[in-house]
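Dear colleague,

Please find the structure below, handed over for your use. My findings follow directly after it.

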Amino acid sequence: MRILLLASAYNSLSQRLHAELRDRRHTVDLQLAGDDEELLDAVRRLRPDLVLAPILRTAIPREVWSRLTCLIVHPGPPGDRGPSSLDRAIQEGCTEWGVTVLQAEAEMDAGPVWAWAPCRLPEYGKSDLYRNEVGDAASAAALLAVERFASGTYAPQPQPQPQPRSGPDWRATVRTRPVLRQEERRIDWAADPTEAVLRRLRAADSRPGVLDELCGGSWYLHGGHREPVLRGRPGELLATRAGAVCRATSDGAVWIPELRRRTPGGPAGVKLPAATALGGLLPALPEVAAPLMPREGDGPVWSDIRYREDGPVGFLHFSFPGGAMSTGHCRRLLAAYRFAVARPTSVLVLGGGRDFFSNGIHLNVIEAAADPAVESWDNITAMDELVDAVLTTTDRLVVAAVGGNAAAGGVMLALAADEVWCRGGSVLNPHYRLMGLYGSEYWTYTLPRKVGAAAAERLTRQAVPVSAATAERIGLVDRVLACGPEEFGPSTARLAGLLAASPATQQRIAAKKAVREADERTKPLDAYREEELAVMHRQFFTPESPYHALRSAFVHKRPVLTGPAARA
């Protein structure tokens, strides 16, 4: 079929469905929502069989849904309605949820149901859940709905209808969840317990954030993690850690990783590491570092980088908000990596978390820098140093465990490892072109080595998302784990243990060292890096370079197409 993918943003779910529909040999066109005339023109020009809307902030015009079947992916179970369904579910502490694919009609979210899938809501932020448990359910429901539509025989089921209130045993079968406004998200630091604070922060971690007063200004708080030890006067800032700030609650404390300044009447603020955002407004606070390698028996401590061992296997876990890696992130991860490779292990697992692996350089930090060109350069060279350390590790096997999505330099970081293991729901974007960049991180060495020169050229030129299944088929990843996000870490650990115990592992390590030495004689790694950086330097330091306009549009969420608009 020909499917028009209609989305308000080309986000993780849009990309996942784009890739998975293409895997099923559908012809997929992408149209960004917002301009009704553009949409009508696209429908007339492309003549799709079906419109599928995975993320939509505006209504589909009647001229479209009255003539063409339009399926809406709604992040709530049947009977649930409203634009803040998932936000409210998280803030209210729901543990069981679902995703419904319904047909567009005049009343929002009220059309007949083509498919739905249940999902759990463990205690993670909205964006994490959206890319994982909710994303898995959305993919399953959307693909089933498309299959049912293609069959031509399925009759969609009517939604539950509102029932009149009649007596004390009345139960509503429809629940409308209106927009969750800031008044309802607001935290009362003096009264709200830590659990309530965390639910509010998690329900708004990516968008829109929780509006609050801090250091004499108005800020949106993004994300939250429990602090088990530090205590203080409710609302007080207590410490910093890896760019996050710790703030006391009525009965504990939470770490807040990112802030965004509220600027009434001005341009939208940029989401930044909290300590960076506050800058000179931040009072003198202790930097309370978490141990890189916690001792056995230590309680849960939040950290964005940590290391552990299980016999001959080391696990270097990292998780940065949005998968973005600033210069500081890269340098701290490189220091942790050097620690890890000094340990007596034969297999090192890099990553293994349930959300983003990496999306490469930190565009928000770059945009907010005094000199974005200089910060871009510092960031890419710090990424290169990290990738070089992985590429030149020859005394053990390194596995990149990609539990979530990865893009640009994040994909190339994974490809520096000996093997890439990927969760089935992950989406990879192994290219830089949509940000106007040539790219570095030794991609001109690792990508052709992995998939061949022709496929490498095609992936970087077409700039389309790649599903985990396709990535395995073309050799971009070595293993796909068909498991849920919570099972990815344990599954990776079990497989890494088997790899370390294999009699062939020591032979592979010896062969790996010989191959690296032969490749170095053919063309040194420094030569790849110098060639890549020569192009990147021009793109960073030329004011007219498309990179600067594309980066700014991306960071400030301006409506610029960030995916392939043409037929793919």
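Which residue in E24 does Leu428 stand opposite? Leu428 stands opposite Val466. Before the details, please note that this is a predicted model, in which local features need pLDDT of at least 70 and side-chain atom pairs count only at pLDDT 80 or more, while totals for chains, interfaces and linings use all residues. Residues are numbered from 1 along each chain as its sequence is written, and side-chain values use heavy atoms, with hydrogens and water left out.

**Sheets**

Helices (H or I, at least four residues) and strands (E, at least two) are DSSP runs, numbered from the N terminus. Two strands are taken to pair if DSSP finds at least two bridges between them.

Another open sheet has 4 strands in the order E9-E10-E15-E16, with antiparallel pairing. Here the edge strands are E9 (210-214) and E16 (272-273), each of which pairs on one side only. Strand E10 (residues 217-222) pairs with strand E15 (residues 258-261) in the antiparallel sense over 4 bridges, and Trp219 stands opposite Arg261 in E15.

**Helices**

Helix H17 (residues 485-501) has 17 residues and reaches 25 Å from its first C-alpha to its last. This is close to the 24 Å expected at 1.5 Å a residue, where the expected span is 1.5 Å times one less than the number of residues. Its buried residues (under 20% relative accessible area, with a 1.4 Å probe and protein chains only; exposed is over 50%, partly exposed in between) include Phe488, Leu495 and Leu499.

The axes of helix H12 (residues 372-391) and helix H19 (residues 525-541), lines fitted to C-alpha atoms over the stretch in contact, come within 10 Å and cross at roughly 165°. H12 and H19 are therefore roughly antiparallel to each other, a term for angles over 145 degrees on a scale from 0 to 180 between N-to-C directions.

**Cysteines**

The structure holds 0 disulfides, a disulfide being a pair of cysteine sulfur atoms within 2.5 Å. The sulfur of Cys483 is too far for a bond, because the closest cysteine sulfur, in Cys422, is 10.0 Å away. Cys483 is buried, with a relative accessible area of 19%. Cys70 also counts as buried, at 1% relative accessibility.

Yours sincerely

Terms used: Parallel < 35°, antiparallel > 145°, perpendicular 65-115°, else oblique.
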